[in-house]
Amino acid sequence: MIRLLKIELKKVLSYKAFWFMISFYSALLAIMIFGIPGLIDYVAEKSGEPTRFRIFKAIVFNFPDIWQNIAFVASLRYFIKIILGIIVIILVTSEFHFLTVRANIINGFSRGDFLSGKLAMILLLAIFSTFIIFLSGLYLGFTNSASVSINHVFGKMQYLAGYFIEIVSYLIFCMFLAILFKKTGITFIAQFVYLIIEPIIDYKINDSLTPYLPLNAMNRIIQTPNTSLIKVKTAEFNFDFQEFIAFQDVAVCLGYAGLFVILSLLILRHRDI
Amino acid sequence: MQFKPLEKVLTISGLDKRYGKIHAVNNLSLEVEQGSVFGILGPNGSGKTTTLGIILGVVNANAGSFSWFHESNSKQNRKRIGAILEQPLFYPYLSAYRNLQIVADIKGISYDDIERVLKTVELWERKDSKFRTYSYGMKQRLAIASALLGNPEVLIFDEPTNGLDPRGIAEIRELIIQIAEQGITIILASHLLDEVQKTCSHVVVLNKGQKLFEGTVNDVLNLSNTIELSSNNLQILELALKEFKNITDIKPEKDRFLITLAEGVTTTDLNTYLISKGVVLSHLTMKKKSLEEQFLELLSEKS
């Protein structure tokens with residue numbers, strides 16, 4: 001796997017589209033991480049009711065809730081996660097476009113090697129993204145938390161692990177689409193169409209099946225943000241926020257990841273490259 | 001001269017591949033011996049590239065099997081083969097050197113050989129240019145360099161002189177002959193007959209996915225040798241020739257005869273016979289057909 005990862009990294013070494021997307025993802029995150037607290041302060045001053053906004057800021061960015069909140073935002077299905085998906089799609093479809101997948105196989109890759117190389121890149125991207133979110137969480141937490149005791153700082157860190165599983169599964173789903181459709185444009189369209197269709201299917205089917213739709217299953221690991229204050233319930237506001245990661249949600253999500261890997265391998269094996 | 005029985009490098013049996021209605025490869029069987037230069041001839045669309053695609057693991061056959069080095073197909077076998085298939089396939093945004101590093105990584109060999117192969121195809125000066133910036137001829141030469149990397153036991157060249165200028169074509173032919181002299185097995189697919197005639201020892205002729213002929217290049221050229229002969233007395237010569245049973249065809253021309261000998265009969269046999277009849281020849285030449293004439297004949301016979 002390490003050998004395959006080294007080969008994959010050599011492939012993207014001077015691939016401008018790849019580095020552009022990575023920079024774009026990092027820049028967007030940085031703008032959010034450094035920009036949003038400032039934006040809240042700005043709005044707070046203008047609003048004439050600065051205390052409300054300051055409380056909001058203090059509870060959202062507070063250790064340890066920051067981990068659940070930042071993981072929730074980073075894994076939103078219509079948000080920055082899509083950029084990572086696009087990177088994976090480009091990495092796979094470019095090999096079909098340039099027919100380099102054929103060259104790889106002629107030179108001595110098995111079809112499984114090709115797939116494993118892409119999985120290695122997915123793991124690396126997921127680690128990279130989780131690490132960036134970890135650093136962002138630390139920054140936001142330390143600049144906004146009242147308490148920075150070890151217990152608070154590292155509490156709820158399991159949500160980062162949850163994010164990692166989510167993003168790996170989602171990227172495997174993107175890889176599967178890219179292998180299925182081969183063409184970059186068609187794969188993008190397929191992904192966006194599916195992002196729109198799944199909520200419609202969700203709406204039509206029985207509620208008990210909702211958790212088992214692929215993207216739903218991935219998003220269920222971190223369903224909601226959480227803070228210590230919004231546990232207060234009133235007659236108008238009666239909602240249970242997620243308190244822990246459910247084993248069953250992780251299992252369904254990983255089940256889908258495994259299924260998409262197997263389907264990808266079957267497609268690669270049965271197709272002329 | 002080799003006296004020990006020749007090792008089979010590649011054995012193909014009953015290979016079959018259909019693309020919808022098109023029968024690209026039709027029950028093809030053949031064997032390639034170690035150290036031979038094996039030409040696969042055929043017009044465009046005769047199944048040459050599909051066959052090579054199958055034995056290189058990128059195309060799945062519908063039926064039949066093949067084995068490299070007496071083993072079943074595996075990626076380990078492909079690492080012992082250097083190949084170019086159809087067109088040069090590289091990462092356009094990477095330099096030639098980096099592209100060959102990837103090839104070396106996949107094959108599991110060191111980078112030490114990259115310099116040699118790039119110098120062989122005269123691309124060493126341009127090793128740091130991106131593949132995208134290469135002309136077609138340079139791309140094709142890089143593909144040849146990539147195939148040569150790590151001194152593989154078998155080389156597969158699919159239309160290797162495609163897109164090269166006349167000098168490049170001559171150089172590549174020279175290179176193929178040099179490689180063959182080192183005892184490396186070469187499988188060469190081409191529709192350029194001249195190329196095969198100049199470089200190959202064995203040849204298989206394909207048409208519409210079927211094997212029309214298999215043998216040595218000399219076998220093909222000797223398939224029907226025409227002999228041109230003449231004498232001071234054409235009437236006596238004609239009478240003598242008509243009596244000789246080992247002639248399959250006689251064509252009189254202005255001052256000579258074109259005859260075809262039956263299989264196994266040599267010009268010595270003919271000459272001995274004519275001398276016994278008291279016929280003195282003033283002219284006797286074997287007219288070898290070019291591979292091209294022979295090839296066209298083979299194609300027209302079978303279709």
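In chain A, helix 9 and helix 12 cross in a left-handed manner (the near helix being turned anticlockwise from the far one by less than a right angle; clockwise would be right-handed). The model is a predicted one, in which local features need pLDDT of at least 70 and side-chain atom pairs count only at pLDDT 80 or more, while totals for chains, interfaces and linings use all residues. Residues are numbered from 1 along each chain as its sequence is written, and chains are lettered from A and ligands numbered from 1 in the order in which they are written.

The axes of helix 9 (residues 158–181) of chain A and helix 12 (residues 247–270) of chain A come within 9 Å and cross at roughly 25°, so that helix 9 of chain A is roughly parallel to helix 12 of chain A (angles under 35 degrees count as such). Helices here are DSSP runs of H or I with at least four residues, numbered from the N terminus. Among the residues of helix 9 of chain A that meet helix 12 of chain A are Ile165(A), Ile172(A) and Phe176(A), and those of helix 12 include Val250(A), Ala257(A) and Ile267(A).

Between the chains, 23 residues of chain B are in contact with 23 residues of chain A, contact requiring C-beta atoms, placed from the backbone, within 7 Å. Helix 3 of chain B provides the largest share of the side of chain B that touches chain A, with 7 residues.

Key
Axes fitted to C-alpha atoms, helices over the stretch in contact; angles between N-to-C directions. Helix = DSSP H or I, 4+ residues; strand = E, 2+ residues; numbered from the N terminus. Parallel < 35°, antiparallel > 145°, perpendicular 65-115°, else oblique. Contact = placed C-beta atoms within 7 Å.
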